[in-house]
Amino acid sequence: MIKWIKQLKTAFGLAFLWLVCLIYFTQGFRSFVWTAVSYQLKDRLKLSPSASQFVFSIAFFPWSIKPIYGILSDCIPIKGKKRIPYLVIATVMSFVPWLILGINETSMSSMWHLIILLTLQNLGSAMADVVIDAMIAEAVRCEKALFAGDLQSMSWLAMAFGGVCGSLLGGYALTNLEIDIIFLLFSLLPAIQLFSCGLVGENSVDDKVLSEFSNSSDSHLLNGKTNNSDEDSSLEMKSSVSARKRKKSKKQSKKTQFMPRKVQTQSAGKGKSLALQWFQSLKDATYSLCHAFKQPIILRPMAWFFLAHVTVPNLSTVMFYYQTEFLKLEASFLGTARVVGWLGLMIGTFTYNQYLKKMRLRRILMLAHIGLAFLNLFDIVLVSRTNVDFGVSDKALVLCGSALSDAINQLKYV
């Protein structure tokens, strides 16, 4: 394990690995604070299960439009950089709402204030998730492609570890701390993430273009010199004036012939306004994305994931109300149940890397859905109280049913 981490450190650098692990750990640790949000909606605001589900549906909507953030960061650089500035903006949007909720009592007691702040927070978290995925994809290109699976596995393990810590500490915190203190404590992670963004460097887009142009121009000028020397040797008997004219004309033709496309595009685009260039870039990226979606190799998996997501009802909020109001399960136990789900993700990640990499993805997804269909029957058994007739406790059924279904769901989407 230590040798594996050292190899990743040598390949990608300590600062980059720290930022990746911190962002994914924070994504998993969100269970620490979102359990408190659920209790805030149920106990303080006295919302019904349908109203709470409405709040969560709006608040988590930014996660449904993640491709938009990728297009923006690719097409509109900020000061010549495409990743770190957007990561800073996303981190600020993740940090400020929790700080406001922890300080301002009015924002916690209003449903619409909560909706606005939680939606803004999820917008920042979703954007940070897209940007860090793009940074990982760029980091594993070329000679580092061998470490692509290792880096992704490390990010999943960091998220699972954050989920375990967040679920364990979340139940304890709800029992011993006020909800506003929980919001403030969680805001420390985005604050650390904000400072960590300064540890990772990023080359400017202009610098990349200039370096490519300088390398290509050096090689082209070198070729020009050798060609000119050949011309001088073959034209020794000619007049010096005619030789100079030929050399001059050939140099100009070679420069125009070997001029890189990027530089020609940049010089042609100098007359255009910056906003018009951004619009054209966004238009081209949107067209390319729509064209890619039309390809069967992409359209069919996307359609399957969409149908798999919308046809299975999300009963998490309803079951939360049932478990806390009717079964009287404590917050600490619900946190422990979620730990089983995150541990399942860690075990599933290890199992996939060791044994399932060569298995067809279609078969893995089919087995995952069969498992989900079987485990969802446990909720019916729990609500119908059939488990009591067979002497099975409610806590054991919640651990075996809800927790394991959470683990399979997380592994399926990862």
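This short talk goes through the helices, the aromatic pairs and a few surface features of the structure shown above.

Before the details, please keep in mind that this is a predicted model, in which local features need pLDDT of at least 70 and side-chain atom pairs count only at pLDDT 80 or more, while totals for chains, interfaces and linings use all residues. Residues are numbered from 1 along each chain as its sequence is written, and side-chain values use heavy atoms, with hydrogens and water left out.

Let me start with the overall picture. The protein has 21 helices and zero strands, where helices (H or I, at least four residues) and strands (E, at least two) are DSSP runs numbered from the N terminus. Of the 414 residues, 39% are buried, and here buried means under 20% relative accessible area, exposed means over 50%, and partly exposed is in between, with a 1.4 Å probe and protein chains only. If we take contacts (heavy atoms within 4.5 Å) between residues at least 6 apart in sequence, 82% of them join residues at least 24 apart. The accessible surface comes to about 24000 Å², of which 66% belongs to carbon and sulfur atoms; these areas come from the Shrake-Rupley method with a 1.4 Å probe, and for residues only the protein chains shown count as cover.

Now to the aromatic rings. Rings of Phe, Tyr and Trp (its six-membered ring) pair if their centres lie within 6.5 Å, and planes under 30 degrees apart count as stacked, over 60 as edge-to-face and the rest as tilted. By this rule there are 15 aromatic pairs. In one of them, the ring centres of F25 and F161 are 5.8 Å apart with the planes at 40°, so this pair is tilted. F25 belongs to helix α2 (residues 14-29) and F161 to helix α9 (residues 148-176), so that the pair links parts of the chain 136 residues apart. F161 is partly exposed, at a relative accessible area of 46%.

For Y39 and F320, the centres are 5.1 Å apart and the planes stand at 90°, so we call this pair edge-to-face. Because Y39 lies in helix α3 (residues 31-44) and F320 in helix α17 (residues 316-326), the pair ties together parts that are 281 residues apart in sequence. Both Y39 and F320 are buried.

The patch itself, about 240 Å² of surface, is made by V92, V96, I100 and L194. Patches are made of residues with over 30% relative accessible area and no salt bridge, with like charges joined within 9 Å and nonpolar side chains (Val, Leu, Ile, Met, Phe, Trp, Tyr) within 5 Å; a salt bridge is a side-chain nitrogen of Lys or Arg within 4 Å of a carboxyl oxygen of Asp or Glu. V92, found in helix α6, is partly exposed, with a relative accessible area of 35%.

Lastly, two backbone angles. Most residues other than glycine have a negative phi. K46, in the loop between α3 and α4 (49-59), has a positive phi near 55°, and K46 is exposed, at 65% relative accessible area. R385, in the loop between α19 (361-384) and α20 (386-389), has a positive phi near 65°.
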